[in-house]
Structures are given as C-alpha cells and as structure tokens.
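Please open the model in a viewer and follow the stops below in order. Each stop names a selection and then describes what is found there.

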Amino acid sequence: MKTDLATFNPFDAQTLQCPFPHYAQMREEAPVLLVEGIGVHLVTRHDLVMEVLRDPQTYSSLFGGAGMPLNAEARERLSAVVKDGYPRVPTMLTADQPDHTRYRRLVSKAFHPKVIAELEPFVRQLTVRLIDSWIANGHIEFVKEFGVPLPVEVIAHALNVPQSRLADFKRWSDDSIAGIGTNISLDERVRAEGGVNEFQHYFAEQINLRRTDPRDDILTNLLNASIEDDDPEVTDKRPLDMPEMLSIVAQLLVAGNETTTKMLTEMMRLLAENPEQWQMIKDDPSRIDRVVDETLRLSTPTQGMWRVLTKDTELGGTKLTKGSRIVIVFSSANRDERLFDDPDAFDPDRENLRENLAFGKGIHFCLGANLSRLEGRVALEELSKRIESFTLSSTNKYEYFPSFMLRGLTSLDVDFVAVDKK
Ligand code: HEM
C-alpha cells in the first residue's frame with residue numbers, strides 16, 4: 001500500500017517498525033523528500049547519498065548534538081542542564097574540515113587495522129565468557145545477554161573503564177543516544193543530558209589522573225596530543241582542551257556501543273530466518289565476513305545521518321537552501337534496486353556487497369568499522385561453534401528502538417540447542 005508522502009511521519013509507530021516500503025516509494029517518487037512536520041529533507045537514493053558524501057563542503061556535519069531543530073523552550077532548558085557539564089563541542093562526526101582532519105588524525109592511530117587486530121584475543125575471550133554464562137540454559141534474551149555486553153566491554157576495555165563502572169558506562173551510552181532521531185519528551189531529554197554530564201565528569205577525572213600518572217591508553221594519548229601535531233606548517237601547537245577530549249571519548253562510546261549491539265542482534269534474527277545460512281557458516285566459517293556485511297546492508301544500524309547546507313544547491317532535481325537540514329538515509333541507499341538485485345533478500349553471496357553504505361563513505365567513514373567487523377566475525381565464529389541450531393521464541397514482539405536514525409531490536413528471545421547437547 002502506498003503512503004501519502006506529503007504527510008509522511010518518520011516517528012509513526014508502524015513506520016519505525018518497518019520503514020522500508022516507504023523508502024522504496026521515496027526512491028521512486030521523491031528521492032529528496034521534505035518531511036513537513038520536522039522541516040528536514042530525507043535523501044533516499046544511493047547515487048544521491050553518494051553525491052552528498054562526496055561533497056562535505058556543501059553538506060556540512062556541523063549539525064550539533066541530536067541534529068533535530070529545537071524550539072525556544074527546549075533550547076533554554078537544555079542549555080541550563082548542559083551548564084553543569086563541559087561545553088559540548090564538535091569534533092569528528094560533528095566537525096568539518098580542516099578541524100575534522102586534525103581530530104581524526106589524533107585518534108585514527110588507536111583504530112589502525114593493526115591495533116584492532118591485536119584486540120582479537122580479548123574480543124574472543126570475552127565472547128567465550130559471555131557464551132559460557134548462558135550456554136547451559138537453552139534460551140537467552142540475546143540483546144541483554146550478548147548484544148549489549150560484547151561491544152560495551154570492548155569499548156570499556158579500550159578506554160580502561162573498570163568492571164565496577166560497566167553499568168554506569170552503559171547508562172551513559174544510552175543517555176548519549178536518547179535524543180538521536182527520537183521524539184522523546186523534553187523532560188526525558190533533560191534527564192538524559194544529566195547522564196551525559198555524569199559521563200563527562202567521570203572521564204574528566206580519569207583524564208586529569210593521567211596528567212600525573214600516564215598510562216598506555218587512548219585517554220593518555222589524547223592528553224599528550226597536539227592539535228596541529230601532523231602539520232609542519234603550523235608552529236603554534238596546542239594540546240586538546242577538556243571539552244574536545246570529552247567530545248572524542250563520547251563519540252567512541254556513542255558510535256561504538258549501540259550500533260554494534262544492533263548489528264549483532266540483527267545478525268541473529270536474519271540467521272534464524274535463514275537457517276540454511278547458519279548451517280553454511282557452521283560448515284564453512286570463511287563465509288562469516290559476508291554474513292556480517294550482508295547484515296549491515298539489509299539491517300543498517302545507523303539508518304541515517306544529518307547534514308546542514310552551507311549554500312543554496314540542487315540535489316536530484318530538488319532545490320535546497322543554505323541552512324536547511326537533510327538526513328542521508330544509508331538504510332534506504334543500501335536497498336536501492338538500481339544497485340542491489342532483489343534488495344530486500346538476505347543474500348550474503350551477492351557480488352557487490354561491499355558497495356553498501358552502512359559505515360558511510362568519504363571523510364567521515366566510520367572510524368570503528370574494523371572493530372565492529374571484528375566483533376561480528378568473532379561473535380559468529382564462537383556462536384556457531386557452540387550452538388547447533390536455534391529459533392526465535394514465540395514470546396518475541398520484535399519491537400524496534402523508536403528512532404529513525406538508529407535502528408535495532410529492543411530485545412530478541414532465542415531458543416537454541418547447544419552443540420554438546422545434541
Ligand atoms: C556496526 C557498527 C557501526 C556502524 C553501523 C557505524 C556507522 C557509522 C557511520 C554510518 C558513520 C558515518 C557518519 C557520517 O557520514 O556522518 C560512522 C562514523 C563514525 N563511527 Fe561508526 N559505526 C559503527 C561502529 C563504530 C565503532 C565500534 C566506533 C568506535 C569505537 C565508531 C566510531 C565512529 C566515529 C568516531 C565516527 C565519526 C568519524 C568521522 O566523522 O570522521 N563506529 N559510523
């Protein structure tokens with residue numbers, strides 16, 4: 001059934017559950033669609049999303065925190081609570097060149113493929129520990145017992161957060177994404193900003209401790225980095241200030257946790273719905289990388305991202321004016337029938353799998369792509385060694401997180417037969 005695109009509401013409960021038929025209609029009829037209610041254009045075709053990603057000068061990432069336009073009352077109440085924390089400053093995801101390049105250089109060393117590869121034994125050990133904790137039960141709630149703890153503990157490990165603070169760490173991560181692409185109430189938004197303040201104070205203290213007691217970790221590296229480190233032309237080098245360091249740490253937390261949780265959970269759902277693929281990876285684990293990528297294409301966790309126009313322009317025949325906001329919808333581009341045959345099917349053998357935009361493209365290409373792919377691969381390698389077969393429990397409601405930016409199931413009940421119990 002067709003939607004009236006003139007009144008399309010991305011927050012509609014049914015749309016949030018399954019936006020894909022709407023995106024398919026937009027790609028056909030209005031690939032740059034103004035959503036009247038929120039005053040934002042959605043860009044849904046692969047070629048047009050690429051056009052935006054290739055031109056960061058016109059399509060700026062200086063969109064601020066949650067990206068949504070705010071009214072005066074919201075701005076006032078939020079700025080009051082934000083005053084109790086450090087200023088929220090733009091760094092990587094929310095910065096433009098040349099600042100973006102400088103910030104990104106400072107952290108890219110920590111995410112170099114070689115450094116990520118060295119994390120594999122830790123990721124595997126953690127994966128095995130998580131599986132051991134429930135393998136005898138024959139049943140799990142996958143999000144809580146695997147999808148959340150795996151990425152949370154990996155990022156916590158990278159940032160040296162102790163086990164005793166893991167629950168806080170997850171709460172801060174939830175608070176940091178609470179307003180992204182959601183229409184939560186102003187009260188909830190204010191409460192979540194309070195959680196972000198708590199997160200800032202914790203990491204500010206940790207960073208300050210490293211001034212006198214340096215360690216071999218990302219926080220110490222940020223402290224020692226100079227903003228113009230790699231630019232021989234610049235002589236007035238300065239260290240990063242606290243708001244900049246906190247913004248970078250926050251992005252690792254926010255960008256790394258929820259997205260990977262959502263990818264892992266969708267991987268299980270898709271494999272339960274395609275049991276022949278489960279058997280195929282059990283027989284041939286070298287297929288796992290393809291399964292991870294096809295999951296990212298078909299169930300893209302970061303559905304979309306904001307951009308702000310720096311000048312009047314035209315995109316796909318639609319006029320856009322300076323200052324207006326758009327959302328590039330990666331999850332729609334990834335199902336574009338112009339590029340992917342039978343785009344709604346789960347087919348890890350498709351040839352052009354890697355043309356999907358789940359991690360973006362260009363200067364903002366996901367810093368953590370190698371890390372998430374590593375977590376996805378190790379998770380499936382270990383799960384497929386220990387689980388013979390599994391099904392999705394009849395108790396499942398298949399509710400998706402109510403955001404049109406981040407897409408993933410809130411829970412997933414799984415019944416399984418363990419390998420040794422066959
Ligand atoms: C499946 C998991 C993940 C998905 C789907 C994902 C998706 C994305 C996407 C689409 C972008 C580009 C946004 C844009 O163009 O504006 C991005 C950027 C980013 N991601 Fe990820 N991400 C994932 C995991 C991670 C992890 C594990 C980390 C770090 C620990 C991370 C850190 C970042 C950062 C810092 C950026 C901003 C990079 C920049 O602006 O230069 N992401 N991610």
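An open sheet of 5 strands, with mixed pairing, has the order 1-2-8-5-3. Helices (H or I, at least four residues) and strands (E, at least two) are DSSP runs, numbered from the N terminus, and two strands pair if DSSP finds at least two bridges between them. The model is predicted: local features need pLDDT of at least 70 and side-chain atom pairs count only at pLDDT 80 or more, whereas totals for chains, interfaces and linings use all residues. Residues are numbered from 1 along each chain as its sequence is written.

Select strand 1 (32–35) and strand 3 (59–60), which stand at the edges; each has a single partner strand, so one side of each is left without a neighbour in the sheet. Next select helix 3 (residues 46–53), which packs on the sheet and touches strand 1, strand 2 (40–43), strand 3, strand 5 and strand 8. Contact here requires C-beta atoms, placed from the backbone, within 7 Å. The direction of helix 3 makes about 115 degrees with that of strand 2; axes are lines fitted to C-alpha atoms, for helices over the stretch in contact, and angles run from 0 to 180 degrees between N-to-C directions.

Within this sheet, strand 5 (residues 304–309) and strand 8 (residues 325–329) are joined by 5 bridges in the antiparallel sense. Display Trp306, which has Val327 of strand 8 opposite.

Another open sheet consists of 3 strands in the order 4-10-9, with antiparallel pairing. Its edges are strand 4 (139–141) and strand 9 (387–392), each with a single partner strand, so one side of each is left without a neighbour in the sheet. From one strand to the next, the twist averages 30 degrees. Strand 4 runs antiparallel to strand 10 (residues 413–418), over 3 bridges; select His139 to find its bridge partner, Asp415, in strand 10.

Select residues 186–212, the 27 residues of helix 11. From first C-alpha to last, helix 11 reaches 40 Å, close to the 39 Å expected at 1.5 Å a residue (1.5 Å times one less than the number of residues). Its buried residues (20 or more other C-beta atoms within 10 Å of their own, C-beta atoms being placed from the backbone) are Arg189, Ala192, Glu193, Val196, Phe199, Gln200 and Phe203. Their cover includes helix 4 (72–82), helix 10 (166–177) and helix 13.

How values were computed. Buried ≥ 20, exposed ≤ 12 C-beta atoms within 10 Å, placed from the backbone. Contact = placed C-beta atoms within 7 Å.
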